[in-house]
Amino acid sequence: MICHVIAMQYFYATGHQAAVQQFDWNAAFIGFTSHHYHVLPVLIIALRTLMSFVLVSLFLPTMVLQSPPPTCPSQTVDLGNPDNTAQLQFYINRELLSNTLHSLLHSSVALTLFKCTLACAACFIHRRHLMIWNIFTPRMLIEMCFAVCSCVFLLFVLVLLERTDKILRGELAKISKES
């Protein structure tokens, strides 16, 4: 939850607002004299706007790797020993990393989709309001963009970490066979 608050704080602290007319359209033309395709300016504007959620999605798993996970009852790990870090506990119990990471990512996606649902509900409740197109609809669209961006990058991080874990376990198995 704190990560989502930090992402929203970064979004508003960098001068963004939940309105299309407040986007920094000048960001599309920095560093280029002309564009042959319109994809690059759109990507630059989207990254400039959604960068806080990209960063939070990319760095969210580091919380799992740095914090001590709950130990498995069958494993006795001495937490006072400085060698028993979170990474060692994840190596000892193979399913612990996967379960903890999936739990964190599921709760993050659930929170993001809950915020998106609340924005949609506000749009529905205020559908006859005079400022529906100036306030509530842009907010709903921004929340949907935040949700899609967060889910895509969280899925990318999940695949990356699972693949890295599989490769490292294979290399460690080769090293232990050789010795």
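Modeller: The axes of helix 1 and helix 5 cross at roughly 125° and come within 13 Å of each other. An angle over 145 degrees would count as roughly antiparallel and one of 65 to 115 as roughly perpendicular; the two helices are therefore oblique to each other. The crossing in which helix 1 passes helix 5 is right-handed. On the side of helix 1, the contact is made by Met8, Phe11 and Tyr12, and on the side of helix 5 by Arg139, Ile142, Glu143 and Phe146. The model is a predicted one, and the values that follow are computed from it.

Three aromatic pairs are found when the whole structure is searched. One of them joins Phe11 to Phe146 in an edge-to-face arrangement, with 80° between the planes and 5.0 Å from centre to centre. Phe11 and Phe146 are both buried.

Phe146 also pairs with Phe53. The centres of these two rings are 4.1 Å apart and their planes stand at 25°, so the pair is stacked. Here too, distant parts of the chain are linked, since Phe53 is in helix 2 (residues 39–66) and Phe146 in helix 5, 93 residues apart. Phe53 has a relative accessibility of 3% and therefore counts as buried. For Phe146 the relative accessibility is 1%, so this residue counts as buried as well; the cut-off for that class is under 20%. Taken together, ring pairs link Phe11, Tyr12, Phe53 and Phe146 into a cluster.

Further along helix 5 one comes to Ser150. Ser150 has a relative accessible area of 2% and is therefore buried. Its contacts, leaving aside neighbours within four places in sequence, are with Phe53, Ser57 and Thr112.

The C-alpha atoms of Met51 and Phe11 are 8.0 Å apart in space, although the two residues are 40 residues apart in sequence. Once neighbours within four places in sequence are set aside, Met51 is in contact with Tyr10 and Ala46.

Leu58 is also placed in helix 2. With a relative accessible area of 32%, Leu58 is partly exposed. A distance of 6.7 Å separates the C-alpha atoms of Leu58 and Phe153, which are 95 residues apart along the chain. Leu58 touches Phe153, Phe156 and Val157, residues up to four places away in sequence not being counted.

For contrast, one may turn to His106 in helix 4 (residues 94–125). Its relative accessibility of 56% means that His106 counts as exposed. His106 and Cys151 are 45 residues apart in sequence, and their C-alpha atoms are 9.8 Å apart in space. A separate arrangement involves Arg127 and Phe124: the charged end of Arg127 sits over the ring of Phe124, at 4.4 Å from the ring centre.

The chain as a whole provides the setting for these details. The protein chain has five helices and zero strands, and from the N terminus on its elements run α-α-α-α-α. Of its 179 residues, 32% count as buried. Among contacts in the protein chain with a separation of 6 or more, 64% are between residues 24 or more positions apart.

To return to the part requested, the oblique packing of helix 1 and helix 5 includes Phe11 and Phe146 among its contact residues.

Notes. Residues are numbered from 1 along each chain as its sequence is written. This is a predicted model: local features need pLDDT of at least 70, side-chain atom pairs count only at pLDDT 80 or more; totals for chains, interfaces and linings use all residues. Side-chain values use heavy atoms; hydrogens and water are left out. Rings of Phe, Tyr and Trp (its six-membered ring) pair if their centres lie within 6.5 Å; planes under 30 degrees apart count as stacked, over 60 as edge-to-face and the rest as tilted. Buried means under 20% relative accessible area, exposed over 50%, partly exposed in between (1.4 Å probe, protein chains only). Helices (H or I, at least four residues) and strands (E, at least two) are DSSP runs, numbered from the N terminus. A charge sits over a ring if NZ of Lys or CZ of Arg is within 6 Å of the ring centre and within 35 degrees of the ring normal. Contact means heavy atoms within 4.5 Å. Axes are lines fitted to C-alpha atoms, for helices over the stretch in contact, and angles run from 0 to 180 degrees between N-to-C directions. Angles under 35 degrees count as roughly parallel, over 145 as roughly antiparallel, 65 to 115 as roughly perpendicular and the rest as oblique. A crossing is left-handed if the near helix is turned anticlockwise from the far one by less than a right angle, and right-handed if clockwise.
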